[in-house]
Amino acid sequence: MTTQTLSVSQALVKFLSSQYTVDRIGAHEYRERTIPGMFGIFGHGNVAGVGQALRQYQEQDPALMPYFQGRNEQAQVHQSVGYARHVRRRATYGITTSIGPGSTNLVTGAALATTNRLPTLLFPSDVFATRATDPVLQQLERPDAYDVTVNDSLRPISRYFDRVWRPEQLFSALLNGMRVLTDPVETGAVTIALPQDVQAETVEVPEEFLAEREWRIRRPDAEDEDVRAAMDRIRSAKRPVIIAGGGVHYAFAVEELRRFAEATGIPVAYTQAGVGVMDWDHPLCLGAVGSTGSTASNALVGEADLVIGIGTRYEDFTTASRTAFQNPDVAFVNINVASFDAFKHGTRVPVVADARKALLKLNDAVGGHRVGAELGERVAEEKERWDGIADAAFAERYRPIPSQNEIIGTVNSAMDDRDVVICAAGSLPGDLHKLWRVKDPYGYHVEYAYSCMGYEIAGGLGVKRASLHERDGRDVVVMVGDGSYLMMHTELVTAVAEGIKLIVVLIQNHGYASIGALSESLGSQRFGTKYRFHDDERQSFDSGERLPIDLAANAESLGVRVIRVQPGEAVAEDLAAAVARAKAEPEGSGPVLIHVDSDPMVDAPSSESWWDVPVTGTAELASTREAYQTYAEKKSTQRPLLG
């Protein structure tokens with residue numbers, strides 16, 4: 001057996017440089033590097049290990065494993081996740097950290113990746129395997145379990161976790177990690193902890209291990225018996241509706257879904273991850289579904305006798321906390337590559353398969369079946385009603401400060417169909433889900449499985465990296481409120497350093513607009529959601545003067561070009577012009593931030609739906625007692641959804 005004498009870190013970097021994802025969609029073949037580069041912030045735990053390997057190979061062959069700086073380890077994970085989603089889970093970045101806080105900073109990002117079923121590859125450094133100098137700087141000592149380190153906090157939120165205590169363990173750890181990264185069912189955060197002394201140890205590495213290796217994305221076909229059972233249910237349904245999730249995108253099933261809907265006349269609603277599976281103005285597109293959905297989707301889903309879930313995990317926002325489906329005879333056909341999701345809600349017809357392959361078989365089996373004309377009339381009626389509601393929201397003219405609805409409509413109109421909007425947490429994701437009008441499968445990227453404040457800019461930067469890699473010519477526009485901006489905006493510096501053109505629309509609410517509105521609806525009177533000076537006498541942040549926050553100046557101090565949209569009668573026109581100006585900037589010119597104030601007291605149109613957030617039944621506040629009555633009424637409509 002021929003070997004190379006390398007450090008563990010050198011072997012790791014060389015191995016990753018030779019891993020390729022292969023995929024076949026119809027007649028199209030795809031083959032690209034699974035790990036196109038690595039992020040890293042260096043400390044004593046990794047500077048002489050993985051850091052040395054990256055530096056050495058950068059001199060020998062800069063293309064072997066490109067290195068990218070970041071300003072926060074969590075944000076680096078967000079970048080890798082944003083990249084992975086845009087390339088449909090075929091690739092992601094590796095991330096090296098030092099021990100201690102560098103490693104635990106990964107935890108939120110890892111949870112986000114696994115919750116969203118998106119791949120990311122994490123290499124947190126660890127304590128000495130030899131224990132020669134225990135306790136080392138930043139080591140957590142547990143008297144009852146000395147083999148536990150802070151990296152064990154990543155175990156429950158990783159889809160694969162390993163620790164390389166000996167150099168020879170690197171081989172199986174990396175192979176298993178790659179297996180999970182490229183598995184559409186198992187994918188999520190892969191964590192391989194690297195003790196800092198092991199990183200620098202020498203190991204004989206087989207040439208075979210370093211040779212190019214291909215990882216084929218497996219796309220299981222639907223079984224004929226399941227397809228027949230699904231079609232039997234579909235043919236007998238009078239009011240069927242499709243709920244399409246992110247699995248439709250990851251299976252590249254958009255065209256087959258549209259073909260199936262048009263052949264059968266079954267309308268399509270979509271989850272947050274499913275936005276873009278159908279053009280917003282298609283006659284059969286109901287729009288967003290659930291707690292942040294359109295009235296059209298929620299009306300049709302509420303009446304449905306059959307729900308065909310395709311690539312969805314049925315999050316509580318999608319099901320309106322299990323109040324969405326009110327037909328007493330409702331049944332479910334669930335198509336999902338993961339059996340865990342295919343069997344949800346007690347369905348008797350789970351189809352465990354790749355969404356595209358399942359739809360190919362369903363399209364072949366349709367045989368001229370089509371739902372009655374009455375359903376089509378109902379769809380047109382509800383769709384027209386919702387489009388009118390959305391148009392009215394876009395036309396709002398609150399002055400001198402616009403509503404968030406008007407801002408969304410203005411930015412949406414100023415962008416091209418192929419551009420991508422990025423968001424994650426706060427009131428914006430819900431409002432975007434309802435209102436954003438998408439005409440491209442890649443045009444909408446809202447992280448809502450983990451709804452992580454601070455994802456927006458870092459995730460958007462990852463999407464932009466993917467767009468540049470694929471040379472698809474898309475502008476990436478991050479929409480973010482001041483709350484999420486303050487959580488994590490430091491990757492703007494990364495965009496400045498690399499000259500990456502990322503457009504950020506920063507909406508200044510002077511507080512937490514989303515939770516403020518929720519708090520008010522639940523009887524807690526927007527407690528703790530305003531940015532105010534502390535009132536020492538009342539021990540409150542609710543009644544003081546507004547903080548003199550200037551986030552536009554903050555962005556300018558980071559080297560970002562800023563366009564300030566001033567309050568006034570022409571605010572909508574100025575905002576549209578600002579987006580156009582930002583889009584006109586050439587690639588390579590760095591990030592542009594557009595700052596605009598909004599009125600957080602103006603809500604988006606009602607979804608005529610509900611979300612279960614428990615309200616205390618014992619309270620002295622009258623507002624809480626009133627909210628509890630509403631809560632109890634809605635709670636009574638929840639259903640186990642066995643069907």
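**Figure 1. Parallel pairing of strands E13 and E14 in the predicted model.** In this predicted model, strand E13, which covers residues 268-270, pairs with strand E14 in the parallel sense, and the pairing runs over three bridges.

Figure 2. Six strands with parallel pairing make up an open sheet, and their order is E14-E13-E12-E15-E16-E17. Strand E14 (285-288) and strand E17 (349-352) stand at the edges with a single partner strand each, so one side of each is left without a neighbour in the sheet. From one strand to the next, the twist averages 15°.

Figure 3. Tyr 314 is found in the loop that runs between strand E15 (306-310) and strand E16 (331-336), and its phi is near 55°, a positive value in a residue other than glycine. Arg 322 lies in the loop between E15 and E16, and although Arg 322 is not a glycine, it has a positive phi of about 65°. As for accessibility, Tyr 314 is buried, with a relative accessible area of 7%, whereas Arg 322 is partly exposed, with a relative accessible area of 35%.

Figure 4. Ala 358 lies in helix H14, which comprises residues 355-365, and it is buried, with a relative accessible area of 1%. Leaving aside residues up to four places away in sequence, Ala 358 touches Ala 222, Ile 335, Val 351 and Ala 353. The C-alpha atom of Ala 358 is separated by 50 Å from that of Ala 48, a residue 310 residues apart from it along the chain.

**Figure 5. Packing of helix H12 against helix H15.** Helix H12 (residues 295-303) and helix H15 (residues 373-394) pack at an angle of about 150°, and their axes are 8 Å apart. H12 is therefore roughly antiparallel to H15. On the side of H12 the contact is made by Thr 295, Ala 296, Ala 299, Leu 300 and Glu 303, and on the side of H15 by Leu 375, Arg 378, Val 379, Glu 382, Lys 383, Arg 385, Trp 386 and Ile 389. Sorted by class, the residues of this contact are seven nonpolar, one polar and five charged.

Figure 6. Asp 134 and Pro 135 are joined by a cis peptide bond, for which omega is about -10°, and Pro 135 is found in the loop between strand E7 (120-126) and strand E8 (160-163). The peptide bond from Arg 399 to Pro 400 is also cis, with omega near 5°, and Pro 400 is found in the loop between H15 and helix H16 (404-414).

**Figure 7. Helix H18 and the residue that follows it.** Helix H18, made up of the 16 residues 455-470, reaches 22 Å from its first C-alpha to its last, which is close to the 22 Å expected at 1.5 Å a residue. The helix is mostly covered, with 13 of its 16 residues buried. Arg 471 follows H18 and has a positive phi, near 50°.

Note on methods: Residues are numbered from 1 along each chain as its sequence is written. This is a predicted model: local features need pLDDT of at least 70, side-chain atom pairs count only at pLDDT 80 or more; totals for chains, interfaces and linings use all residues. Side-chain values use heavy atoms; hydrogens and water are left out. Two strands pair if DSSP finds at least two bridges between them. Helices (H or I, at least four residues) and strands (E, at least two) are DSSP runs, numbered from the N terminus. Axes are lines fitted to C-alpha atoms, for helices over the stretch in contact, and angles run from 0 to 180 degrees between N-to-C directions. Angles under 35 degrees count as roughly parallel, over 145 as roughly antiparallel, 65 to 115 as roughly perpendicular and the rest as oblique. Contact means heavy atoms within 4.5 Å. Ala, Val, Leu, Ile, Met, Phe, Trp, Tyr, Cys and Pro count as nonpolar, Asp, Glu, Lys and Arg as charged, and the others, Gly among them, as polar. The expected span of a helix is 1.5 Å times one less than its number of residues. Buried means under 20% relative accessible area, exposed over 50%, partly exposed in between (1.4 Å probe, protein chains only).
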